[in-house]
Amino acid sequence: MSRQPTTSTLSLRALTLRGSAWVGLGYALQQALRLGGNLVLARLLFPEAFGLMALVNAFVQGLEMFSDLGIKPGVIRSSRTDEALLNTAWTLQVMRGCVLWLVSCVIAWPLAQLYGQPMLAQLLPVAGLTALLVSLNSTAVLLRHRRLAMGGLMAARVTAQALGLLVMIVIAWRYQTVWALVVGGVVATAAMAVFSHTFLWETPIHFRWDRAAVGELLSFGKWIMLSTAMAFLAAQADRLLLGLYVTAGTLGLYAIAYMLSEAAGKAVSQISHSVLMPAFSRVARDNPERLSGAYRRARDRLDALVLPVAGFLMTAGDRVVALLYDPRYIEAGWMLQVLSLRLVAYCLLPPSAVCLMALGKPQYAASASAAKAGCLFVGVPLGWMTGELPGAVWAVALAEFAGWPLMMRGLRQESLNHPLREVACVPWLLLGTAAGWAFIMLS
């Protein structure tokens with residue numbers, strides 16, 4: 001019987017294609033579960049529940065991203081994979097998770113008062129447990145990302161998500177409460193932590209503090225912390241600001257439109273961080289002169305995947321919402337059309353960010369996220385003052401493009417791309433627009 005090829009014997013191209021296939025399949029299953037679960041939960045719950053959960057997720061993700069030590073990319077980029085590095089990374093990870101949960105308990109009451117939502121004082125400490133549970137994940141997760149061995153990892157994630165969704169539906173059906181969303185999220189995170197120590201387990205892990213490993217991880221992590229902090233502001237500022245202006249019900253409608261619009265964008269992000277980051281890092285270590293070609297080929301495939309979806313939703317997003325949801329959610333339709341414009345910029349940002357990060361230059365991503373965050377903090381209040389909710393939603397959509405010039409500058413300085421290359425993506429966008437009009441004519 002022939003021996004199966006190992007990670008060390010497979011070419012980078014084969015690893016990347018195999019990893020992309022697993023990530024793509026896993027992501028498709030996750031999105032199917034997410035959309036299907038959302039459709040069921042939307043009928044069992046009420047828009048206000050989704051609005052409250054949007055605020056809870058924004059705060060919990062904010063804590064995680066503002067304190068990101070860059071452990072995952074640090075391990076992926078490192079030339080070391082020894083026990084000292086991995087166990088030190090796990091120790092840092094667990095320490096951070098404990099602190100994040102404590103902080104989520106401390107800030108719960110003040111945030112409930114600020115937003116006029118008393119339930120936040122109860123929801124945040126429980127939802128904050130996810131930060132602690134994520135920190136308990138085995139280092140096997142990091143090693144599988146490094147080796148592009150994504151099959152078992154994606155299977156574990158999909159299974160954990162399915163378990164969490166099942167809990168959400170059961171609680172929502174029985175009690176019709178926002179607690180269904182919170183408890184289900186905690187269950188899914190706990191399941192993934194268990195899977196990482198059982199099905200994905202590779203080597204024993206324990207607490208360890210190796211000074212050399214700490215220095216290596218944190219020296220790179222300082223830029224990652226800045227980058228992810230800016231990324232949080234760029235990704236969550238819209239909900240944090242809108243929560244001050246609109247009711248929980250309206251915020252829930254916005255959250256659903258945002259979820260639908262970012263489905264394709266999250267595919268780009270997942271592939272970029274789970275597959276392209278380790279692939280680009282390997283090319284940068286071994287054959288840096290080939291990095292430009294690898295980036296260009298990756299962008300061509302991602303553009304073909306995402307831009308037709310963007311064109312379709314910009315044209316027919318209101319029809320999609322009317323088809324999927326009951327009349328309570330109809331206002332999410334026009335929001336979906338506007339927010340789908342973000343996908344055009346999203347084709348550039350994550351792939352270029354991880355490519356530059358593979359060269360040890362995460363400052364470009366930090367600058368781009370800071371530019372977007374700045375536009376949101378200025379644009380959303382200004383949009384609300386001039387056009388209320390539509391003005392604010394348009395400000396969110398246009399802010400995605402704020403980081404584009406900075407990323408293009410970084411790619412050009414590193415000889416990775418040329419601005420004229422972006423023109424090649426237009427036909428894909430037009431194809432999606434044509435499909436959208438065809439859908440409208442037939443519906």
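**Entry 1: overall make-up**

I looked up burial first: of the 443 residues of the protein, 54% count as buried. Buried means under 20% relative accessible area, exposed means over 50%, and partly exposed lies in between, with a 1.4 Å probe and protein chains only. I noted that this is a predicted model, in which local features need pLDDT of at least 70 and side-chain atom pairs count only at pLDDT 80 or more, while totals for chains, interfaces and linings use all residues. Residues are numbered from 1 along each chain as its sequence is written, and side-chain values use heavy atoms, with hydrogens and water left out.

I then looked up the secondary structure and found 19 helices and 0 strands. Helices (H or I, at least four residues) and strands (E, at least two) are DSSP runs, numbered from the N terminus. For contacts (heavy atoms within 4.5 Å), I took pairs of residues at least 6 apart in sequence, and 84% of these contacts join residues at least 24 apart.

**Entry 2: the nonpolar cores**

In soluble globular proteins, nonpolar side chains tend to be buried together. I searched for nonpolar cores, each a set of buried Ala, Val, Leu, Ile, Met, Phe, Trp, Tyr and Cys residues joined through side-chain atoms within 4.5 Å. Which residues touch the most other members of the largest core? They are Y254 and Y325, in a core of 64 residues. Helix α2 (residues 47-66) gives the largest share of this core, 10 residues.

I listed the contacts of Y325, not counting residues up to four places away in sequence. Y325 touches L35, N38, L39, A42 and R43, and also I256, M259 and L260. There is a second, separate core of 36 residues, which includes V275, L343, Y364 and A365.

**Entry 3: cavities**

Rolling a probe the size of a water molecule over the atoms shows where empty space is left. A cavity here is a set of points, on a 1 Å grid over the protein atoms alone, where a 1.4 Å probe fits but cannot get out, and lining residues have an atom within 4 Å of a point. Grid points are joined across faces, edges and corners, and a volume is the space filled by probe spheres set on the points.

I found 2 cavities of 30 Å³ or more.

**Entry 4: cysteines**

A disulfide is a covalent bond between the sulfur atoms of two cysteines. I searched for sulfur pairs within 2.5 Å and the structure holds 0 disulfides. C98 counts as partly exposed because its relative accessibility is 35%, and C355 counts as buried because its value is 0%.

E64 is found in helix α2 and counts as partly exposed, at 23% relative accessibility. E64 touches R96, L100, T130 and A131, leaving out residues up to four places away in sequence. The C-alpha atoms of E64 and W101 are 9.7 Å apart in space, and the two residues are 37 apart in sequence.

Is T91 buried or exposed? T91 counts as buried because its relative accessibility is 7%. T91 is in helix α4 (residues 83-115). Apart from residues up to four places away in sequence, T91 touches H206, F207, R208 and W209.

Most residues other than glycine have a negative phi. Q176 lies in the loop between α8 (151-175) and α9 and is partly exposed, at 39%. E388 is in helix α17 (residues 363-399) and is exposed, at 52%.

T177 is also in the loop between α8 and α9. T177 counts as buried because its relative accessibility is 19%. Its contacts, leaving aside neighbours within four places in sequence, are L45 and I171.

Last, I looked up P204, in the loop between α9 (179-197) and α10 (211-245). P204 counts as exposed because its relative accessibility is 57%. The C-alpha atoms of P204 and E83 are separated by 8.9 Å, and the residues are 121 apart along the chain.

Note on methods. On a 1 Å grid over the protein atoms alone, a cavity is a set of points where a 1.4 Å probe fits but cannot get out, and a pocket is an open set with protein on both sides within 12 Å along at least five of seven lines; lining residues have an atom within 4 Å of a point.
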